[in-house]
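I opened this notebook to keep track of what I looked up in one structure, entry by entry.

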Amino acid sequence: MHDVRMVMLGRLSDRSRQEWSRRIADLDVIGLAHAAPSGFRLGKRALGIGADSLAVALKARLARPARATVAMSPWPGVACRSVGIKNLAVVGLYATLRSKPWDFLVRRLGDTPLVVTSEREASDWIAAGGRARPVVWGGTFGSSLSKPKSQSVPRVFVGGTSDRDARALGRFVESVMRDRVAVELVIADGSGPRRWAGRRATVEWLPYIPQSQFTDALSRSHAVYLPVRETGRSAGQMVLVASMEAGLPTLVHPNESLRPYRGEGIEGVDAVEHPLDRLIQMADTTETARRSIRKRWERDFSLGAFSSNVLCALGRMGWPEPTR
């Protein structure tokens with residue numbers, strides 16, 4: 001019997017497996033080689049994330065037994081509970097309070113121990129009758145250390161699609177397209193490929209790209225802008241953590257789930273401000289300062305830090321339950 005089984009959509013990288021295995025002596029990981037891109041198949045989540053969650057839960061149910069199971073997102077957690085897997089915990093919520101997905105998860109997960117990545121998510125879940133503890137999300141992506149712009153044109157990166165403030169981003173793109181300053185804007189939102197070019201400025205929209213290409217495009221930038229709106233759920237953390245790993249100075253909107261990351265190199269900007277001039281200044285951040293941002297990431301927001309925090313939070317909720 002394995003000690004702990006980790007169930008997830010997609011696959012766990014060798015680096016991630018090593019980090020988790022440092023903290024779980026006998027870890028079994030079950031995932032899918034070809035999960036639905038962005039959770040959709042034929043335009044439907046039920047055929048994407050729903051079918052994939054059931055498939056990975058059935059794989060776990062039929063595999064060699066484990067003392068306890070942790071699902072790395074709520075939908076495989078629901079599926080694991082549906083097929084009778086016991087001693088279960090879930091990491092992540094990704095649903096907005098009182099939305100249909102939220103109500104569904106409350107009904108199906110019940111008192112399953114849940115680790116979330118914002119204090120607001122935890123308090124809302126507890127108020128709905130569940131058990132939850134918040135931790136600060138962290139991850140390791142292999143981002144290379146970024147460089148100051150030096151004599152090159154400053155390159156600003158905007159990435160991700162989760163809860164983006166479309167109006168703020170639209171205003172920002174308009175400010176770049178006024179063509180008054182030299183700047184390269186790269187938007188990794190899956191809407192490309194397309195490109196606009198003026199005399200001084202350029203805007204490039206990237207298509208959907210795998211994580212390795214995403215982090216490469218990120219690391220080759222000089223500053224990052226994260227216009228994330230407040231919805232009550234966690235959003236923008238993956239891009240922000242990858243940016244910190246690359247030592248990139250970043251401007252973020254006042255989103256609650258991103259507040260713990262504010263500090264050295266990570267500055268706030270009001271949603272109605274025009275941040276272009278600040279980002280161009282931040283592009284000159286020295287290599288020494290970038291290394292300092294990266295050290296802060298490694299200490300507080302890397303996968304090693306996150307996995308330790310998750311297991312500590314679960315332990316405080318009594319997971320894994322003692323075997324009988």
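**Entry 1: charged pairs**

I began with Arg278, which is partly exposed because its relative accessible area is 27%; I count a residue as buried under 20% relative accessible area, exposed over 50% and partly exposed in between, with a 1.4 Å probe and protein chains only. Before going further I noted that this is a predicted model, in which local features need pLDDT of at least 70 and side-chain atom pairs count only at pLDDT 80 or more, while totals for chains, interfaces and linings use all residues. I also noted that residues are numbered from 1 along each chain as its sequence is written, and that side-chain values use heavy atoms, with hydrogens and water left out.

Arg278 makes a salt bridge with Glu267, and their closest N and O atoms are 2.7 Å apart; the term stands for a side-chain nitrogen of Lys or Arg within 4 Å of a carboxyl oxygen of Asp or Glu. Arg278 sits in helix α9 (residues 276–282) and Glu267 in strand β12 (residues 266–268), so the pair ties together parts that are 11 residues apart in sequence. For these names, helices (H or I, at least four residues) and strands (E, at least two) are DSSP runs numbered from the N terminus. Glu267 is partly exposed, with a relative accessible area of 34%.

I then searched the whole structure and found 14 salt bridges. One of them joins the side chains of Arg229 and Asp163 at 3.9 Å, N to O. Arg229 is partly exposed at a relative accessible area of 40%, whereas Asp163 is buried at 6%.

I also looked up Arg23 and Glu19, whose side chains meet in a salt bridge at 3.2 Å, N to O. Arg23 is partly exposed, with a relative accessible area of 33%, and Glu19 is buried, with 18%. Glu19 and Arg23 belong to a network of salt bridges together with Arg22.

**Entry 2: Asp165**

Which side chain of opposite charge is nearest to Asp165? It is Arg171, 5.3 Å away, and Asp165 is buried yet has no salt bridge; in this count Lys and Arg are positive and Asp and Glu negative, with His and the chain ends not counted. Asp165 lies in the loop between β7 (155–159) and α6 (166–177). I found that its side chain reaches the backbone nitrogen of Ala168 at 3.0 Å and the backbone nitrogen of Arg167 at 3.3 Å.

**Entry 3: helix α11**

Helix α11 (residues 303–316) has 14 residues and spans 20 Å from its first C-alpha to its last, close to the 20 Å expected at 1.5 Å a residue; the expected span is 1.5 Å times one less than the number of residues. Its buried residues include Phe306, Val310, Ala313 and Leu314. Among the elements that cover the buried residues of α11 are α1 (14–21), β3 (66–71), β5 (114–116) and α10 (287–300), where contact means heavy atoms within 4.5 Å. Just after α11, Gly318 takes a positive phi of about 85 degrees.

**Entry 4: two loop residues**

Val135, in the loop between β6 and β7, is buried with a relative accessible area of 10%. Not counting residues up to four places away in sequence, Val135 touches, among others, Val115, Phe306, Asn309, Val310 and Ala313.

Leu93, in the loop between β4 and α4 (100–109), counts as buried because its relative accessibility is 1%. Leaving aside neighbours within four places in sequence, Leu93 is in contact with residues including Pro74, Trp102, Leu114 and Trp125. Leu93 and Leu114 are 21 residues apart in sequence and 8.0 Å apart in space, C-alpha to C-alpha.

**Entry 5: cysteines**

How many disulfides does a search of the whole structure find? I found zero, a disulfide being a pair of cysteine sulfur atoms within 2.5 Å. Cys80 counts as buried at 0% relative accessibility, whereas Cys312 counts as partly exposed at 38%.

Methods: Polar contact = N/O pair within 3.5 Å; in protein donor to acceptor, adjacent residues only side chain to side chain.
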